[in-house]
Amino acid sequence: MAHEAEDKAREESAKASQKTKETAADADKKASEASSKASEKAKEFSEYASEKGDELSKDASNKYDKAKKSAARNYRDGKEEAKEKGNELSRNRDNPVVVGNALIIGLGSVALGFVGYQKYAKGELSWEVAGITAAAVSAFAVGDYYLSQYLFKEKFPKK
């Protein structure tokens with residue numbers, strides 16, 4: 001009887017060992033399949049990312065080239081406009097309106113700087129004072145613009 005129990009135990013052990021080997025082989029097979037699928041997906045994603053990266057790189061390069069051309073064109077246009085305005089100012093340097101505006105800008109800047117520094121030194125410079133001053137300068141600039149346009153048309157035309 002002990003011998004039969006021992007044989008039965010060996011038999012059960014062999015079955016369990018076989019079942020374990022089969023389960024391990026099945027798990028190994030499934031792991032291998034999962035690894036292959038993951039590898040394929042990774043390869044697909046890598047190719048997709050590479051394609052998208054190439055597209056974005058080309059797009060960025062095209063936009064850079066367009067911006068570069070636009071900047072060069074704007075630079076040339078701005079340079080020409082500045083030269084034209086400089087020539088216009090040079091032609092009108094004896095016009096009383098131009099001389100008057102230049103004096104107003106120069107003296108006004110000195111006055112604002114001097115008064116602003118005095119307020120700062122006394123600790124009286126605040127955002128309220130700066131805002132009121134900016135509003136006054138803006139109102140004066142608008143009035144000066146319209147007066148200058150009137151004088152250019154009626155009394156001292158541009159050359």
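Which residues line the second largest pocket? Keep that in mind as we walk through the model; we get there at the last stop.

**Before you start**

This is a predicted model, in which local features need pLDDT of at least 70 and side-chain atom pairs count only at pLDDT 80 or more, while totals for chains, interfaces and linings use all residues. Residues are numbered from 1 along each chain as its sequence is written, and side-chain values use heavy atoms, with hydrogens and water left out.

**Stop 1: the whole chain**

Show the cartoon. You will find three helices and zero strands, in the order α-α-α (helices, H or I with at least four residues, and strands, E with at least two, are DSSP runs numbered from the N terminus). Along its principal axes, the C-alpha trace spans about 135 × 45 × 20 Å. The chain's radius of gyration is 43 Å, whereas a compact globule of 159 residues would have one near 15 Å (taken over C-alpha atoms; the globule rule is 2.2 Å times the number of residues to the power 0.38).

**Stop 2: α2 against α3**

Select residues 96-122 for α2 and 127-154 for α3: these helices pack at about 170°, with axes 11 Å apart (axes are lines fitted to C-alpha atoms over the stretch in contact, and angles run from 0 to 180 degrees between N-to-C directions). That angle makes α2 roughly antiparallel to α3 (over 145 degrees).

Now show side chains. On α2, the contact is made by Val97, Val98, Asn101, Ile104 and Leu112; on α3, by Thr133, Val137, Phe140, Asp144, Ser148, Leu151 and Phe152 (contact means heavy atoms within 4.5 Å). By class, the residues of this contact are eight nonpolar, three polar and one charged (Ala, Val, Leu, Ile, Met, Phe, Trp, Tyr, Cys and Pro count as nonpolar, Asp, Glu, Lys and Arg as charged, the others, Gly among them, as polar).

**Stop 3: the largest pocket**

Select the lining, which includes Asn101, Ile104, Gly108, Thr133, Phe140 and Asp144. A pocket is an open set of points on a 1 Å grid over the protein atoms alone, where a 1.4 Å probe fits, with protein on both sides within 12 Å along at least five of seven lines; lining residues have an atom within 4 Å of a point. This pocket's volume is about 270 Å³ (the space filled by probe spheres set on the points). Helices α2 and α3 are the elements giving two or more residues to the lining.

**Stop 4: the second largest pocket**

Finally, select Lys85, Glu88, Leu89, Asn92, Val98, Phe152 and Lys158, the residues lining the second largest pocket. About 160 Å³ of space lies here. Helix α1 (residues 2-91) gives the largest share of the lining, three residues. The lining has three nonpolar, one polar and three charged residues.

How values were computed
Parallel < 35°, antiparallel > 145°, perpendicular 65-115°, else oblique.
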